[in-house]
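Q: I'm new to reading protein structures and would like a close look at one part. Could you walk me through the place where the ligand sits, and then show me how the rest of the chain is put together around it?

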Amino acid sequence: MNTILQINSSLHSAGGQSTRLADEFVSALRAKNPEAKLIVRDLAREPVPHLDADRFGAFVTGNEQRNQDQQAVVDYSDALIGELQRADVVVLGLPMYNFGVPSQLKAWIDHIARAGVTFRYTAKGPVGLLTGKKAYVFATRGGQYAGTPADSVTSYVRQLFAFLGITEVEFVYAENLAINEASKQKALLGAQNAIRRLMTQVRLAA
Ligand SMILES: Cc1cc2nc3c(=O)[nH]c(=O)nc-3n(C[C@H](O)[C@H](O)[C@H](O)COP(=O)(O)O)c2cc1C
C-alpha cells in the first residue's frame, strides 16, 4: 500500500498557508491514488519536545542500558521515524520564520535524525537510510527570498533530506505573502499552478 506522510510545520496548524498548499497537493495526490494511505503529522497541534541532554542521552544509550524514561523517549522517536519509514511520499508544509525553519520542525528533525536508524556513518562518510522516497515541499514566505543567499531554508532542507537518503525533492514556493493582497493572491495562484503541473508528473510507487 502506498503511503503519504504530510508534515505540517506552520504555527497556525491547519490554517497556515503552507498547510493549505500541502493539503491541496495531498488531496490531488489522493484523488489520483485513492488507495494511498495518509499519515498527517501536525507539529503545532502535537509539538515535539525540544531536544535536550536527557533526550539525546536516551538516543545514545544502548537497548539494554536504558531506564524506563529513556526507553519512552526512544519509543517516541521510533514512532516518528516509523511514519517516515512507511512513507513513499513525504509532503512538507514549510513556512519561513525569522529566516529559518519553524522551531517545531527543527524539534521534529532532532528526533528523526538518528545515527544507526535514519543514517549511518561509514568509512566514506554518512549514508542516509531513508531511500526510495520522494519529497514535496510547500515553502511559504512573507517576503521574497528563493534563489537568493538569504534563503538558507531551501539549502538546509535539501541537505537534511539528502543526508537521510531522500534526494528527490521538489519545492513549490509561495512568496511575497505579506506585501499586499494582490501579491499574496498572485503567489498563491502561482503555487496552485505549480501543484497542477506537478500532478501531471507524479506517480506513487507501485
Ligand atoms: C514568527 C514569524 C516569523 C516570520 N519570519 C519571516 C521571515 O523571516 N521571512 C519571511 O519572508 N517571512 C516571514 N514570516 C512570514 C511567513 O513566512 C508567512 O506569513 C508565511 O505565510 C507563513 O506560513 P504559514 O501561514 O504556513 O505559517 C514570518 C512569520 C512569522 C509568524
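A: Happy to! Let's begin with the whole chain, keeping in mind that this is a predicted model. The secondary structure amounts to six helices and seven strands.

Now to the ligand. There are 16 residues around the ligand, and those that come nearest are Ser10, Ser18, Met96, Tyr97 and Asn98. By type, the shell divides into six nonpolar residues, nine polar ones and one charged one.

- A polar side-chain atom of tyrosine 97 is 2.6 Å from an oxygen atom of the ligand.
- A polar backbone atom of asparagine 98 lies 2.7 Å from a nitrogen atom of the ligand.
- A polar backbone atom of glutamine 17 lies 2.8 Å from an oxygen atom of the ligand.

On its own, the ligand has 620 Å² of accessible area, and the protein covers 75% of that.

Arginine 141 is found in the loop between β6 (134–140) and α5. Is arginine 141 buried or exposed? With a relative accessible area of 2%, arginine 141 counts as buried, because that is under the 20% cut-off. Its side chain makes a polar contact of 2.9 Å with the side chain of aspartate 151.

Finally, have a look at helix α4, which runs over residues 103–112. Its buried residues are Leu105, Ala107, Trp108, Ile109, His111 and Ile112. An α-helix has 3.6 residues a turn, so residues three or four places apart point the same way. The buried residues of α4 pack against β1 (3–8), β2 (37–42), α2 (53–59), α3 (68–86), β3 (89–95) and α5 (152–164). Across the chain, among contacts between residues at least 6 apart in sequence, 77% join residues at least 24 apart.

Notes: Residues numbered from 1 in each chain as written. Predicted model: local features only at pLDDT ≥ 70, side-chain atom pairs only at ≥ 80, totals over all residues. Heavy atoms only, no water. Near = heavy atom within 4 Å. Polar contact = N/O pair within 3.5 Å; in protein donor to acceptor, adjacent residues only side chain to side chain. Areas by Shrake-Rupley, 256 points an atom, 1.4 Å probe, with all protein chains shown as cover. Nonpolar A, V, L, I, M, F, W, Y, C, P; charged D, E, K, R; others polar. Buried < 20%, exposed > 50% of the residue type's maximum accessible area, 1.4 Å probe, protein only. Helix = DSSP H or I, 4+ residues; strand = E, 2+ residues; numbered from the N terminus. Contact = heavy atoms within 4.5 Å.
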